[in-house]
Amino acid sequence: MIATSQPAPTTLPAQNSRASQALALHAAMLAQPRSASAAQGLVIALARQFNLSQVWLATAGGPRRPLSLVALSDGAMPAPGSALHTALLATCAETLDQAAPVLWPEPPPAPGVVPRITRAHAALAAQVGAEASAAGVPLAADGELLGAV
């Protein structure tokens, strides 16, 4: 903390907006009594907040354990082993393997930046429809990857 003789600003526009969004998402999770409900609340809140057609959450069971699809924003969980189930898990795995956000279509990388691997994201977008896009964001705490949305 830095002390100054000037009054502190009451808002920081960009940071305040992001903080508000993060707190709203956190509140959506905390409002639920169980972890499965919290996961469902999170993906629904993300879909609404960012006007997305579908949001899913997969959790990692630990090193060498498979990902588990735990929530979809529309509540319609695809059957295990179905093409959609497999594609959703593949996008989450691709995101976690890179430990970074992945976008399809990928914007042109900045000079000197290596492009992300987007094969699973591209396949999911193709499966969904011609105008579809796909994104994955890793979830981590204390340096450990926990899952992806």
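Colleague: What makes the crossing of H3 and H4 left-handed?

Modeller: A crossing is left-handed if the near helix is turned anticlockwise from the far one by less than a right angle, and right-handed if clockwise. H3 passes H4 in the left-handed way. The contact (heavy atoms within 4.5 Å) involves residues including Leu88 and Thr91 of H3 and His121 and Leu124 of H4.

Colleague: Where do these values come from?

Modeller: This is a predicted model, where local features need pLDDT of at least 70 and side-chain atom pairs count only at pLDDT 80 or more, while totals for chains, interfaces and linings use all residues. Residues are numbered from 1 along each chain as its sequence is written, and side-chain values use heavy atoms, leaving out hydrogens and water.

Colleague: Why are H3 and H4 called roughly antiparallel?

Modeller: Angles over 145 degrees count as roughly antiparallel, under 35 as roughly parallel, 65 to 115 as roughly perpendicular and the rest as oblique. H3 and H4 pack at about 150°, with axes 8 Å apart, and are therefore roughly antiparallel.

Colleague: Why is Asn51 called exposed?

Modeller: Exposed means over 50% relative accessible area, buried under 20%, and partly exposed in between (1.4 Å probe, protein chains only). Asn51 has 71%, so Asn51 is exposed. Asn51 also has a positive phi of about 55°, although not a glycine.

Notes:
Axes are lines fitted to C-alpha atoms, for helices over the stretch in contact, and angles run from 0 to 180 degrees between N-to-C directions. Helices (H or I, at least four residues) and strands (E, at least two) are DSSP runs, numbered from the N terminus.
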